[in-house]
Amino acid sequence: HRERPACVLLTTGAMNPPHKGHAQLLRQARERLEGAGYQVWAAWMSPSHDGYVGPKAISKRTVHLSSKLRLHLAHLLVLGDPFVAVGYWEASKKGSWPDFPQVAEELQRTLKRLVDDQAELMPTLNLLLGESGWPRVFYACGTDHAERCGLYDGFGRFCADVGVVVVPRQDEAPEPERPPEVFVASAAPGEVAGFSSTKIRESFQIAGKDE
């Protein structure tokens, strides 16, 4: 029988700080894609550039953790995880900060080089290539980001062979999915569903006042 198409997952965001919910979002997306018939080979969580996170934190009058610290915390969070890894390119890029479509394109370029270099020895790598010949990436995000950036309409206006998986919180009602461009995953179960970078930053500030 025909082998299932392969893909990888990417999520971006301030991750100020990163927490287990960011990694779980990728696992929820994987579950939905596997249910749709894909092999999901890997996933990356990519903390955003200081050029984006710093001004955002100032505007919200909240704590800004440096990219170096956020990358280190993310590394510790997924250390030993067989599925989720940290993407360093976005936060480490010199100059102006890259937006999420640029991060997806950079991941595709990196994977394309791998396929071009190794497919002769490992033909299964070709399963990763989408209809336009680029590695198939699904961008996973929450409902707020999907609405704000028009991602319920798909990722096609940004780059080819990139889909979207929207992962809602338990109390949210996402828009209908439109496979194969847009999928909607189940909300994360249990305690991890309530994890929030905002709540963690607030706890920093409360602790500081107590001291």
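Is D153 buried or exposed? In this predicted model, local features need pLDDT of at least 70, side-chain atom pairs count only at pLDDT 80 or more, and totals for chains, interfaces and linings use all residues. Residues are numbered from 1 along each chain as its sequence is written, and side-chain values use heavy atoms, with hydrogens and water left out. D153 is exposed, with a relative accessible area of 63%; exposed means over 50%, buried under 20%, and partly exposed in between (1.4 Å probe, protein chains only).

D153 sits in the loop between α6 (143-148) and β5 (162-166); helices (H or I, at least four residues) and strands (E, at least two) are DSSP runs, numbered from the N terminus. Together with D144, E147, D171, E172 and E175, D153 forms a negative surface patch. Patch residues have over 30% relative accessible area and no salt bridge, with like charges joined within 9 Å and nonpolar side chains (Val, Leu, Ile, Met, Phe, Trp, Tyr) within 5 Å. A salt bridge is a side-chain nitrogen of Lys or Arg within 4 Å of a carboxyl oxygen of Asp or Glu.

Now for some buried residues. H19 lies in the loop between β1 (6-13) and α1 (20-35) and counts as buried, at 8% relative accessibility. The side chain of H19 reaches the backbone nitrogen of G21 at 2.9 Å.

Strand β2 (residues 39-47) holds S46, which is buried with a relative accessible area of 2%. Although S46 and L10 are 36 residues apart along the chain, their C-alpha atoms are separated by 7.4 Å. V162, in strand β5, is buried too, with a relative accessible area of 9%.

Note on methods
Accessible areas come from the Shrake-Rupley method with a 1.4 Å probe; for residues, only the protein chains shown count as cover. Lys and Arg count as positive and Asp and Glu as negative; His and the chain ends are not counted. The place of a charge is taken as NZ of Lys, CZ of Arg, CG of Asp or CD of Glu. A polar contact is a pair of N or O atoms within 3.5 Å; within protein, one must be able to donate a hydrogen and the other to accept it, and residues adjacent in sequence count only if both atoms are side-chain atoms.
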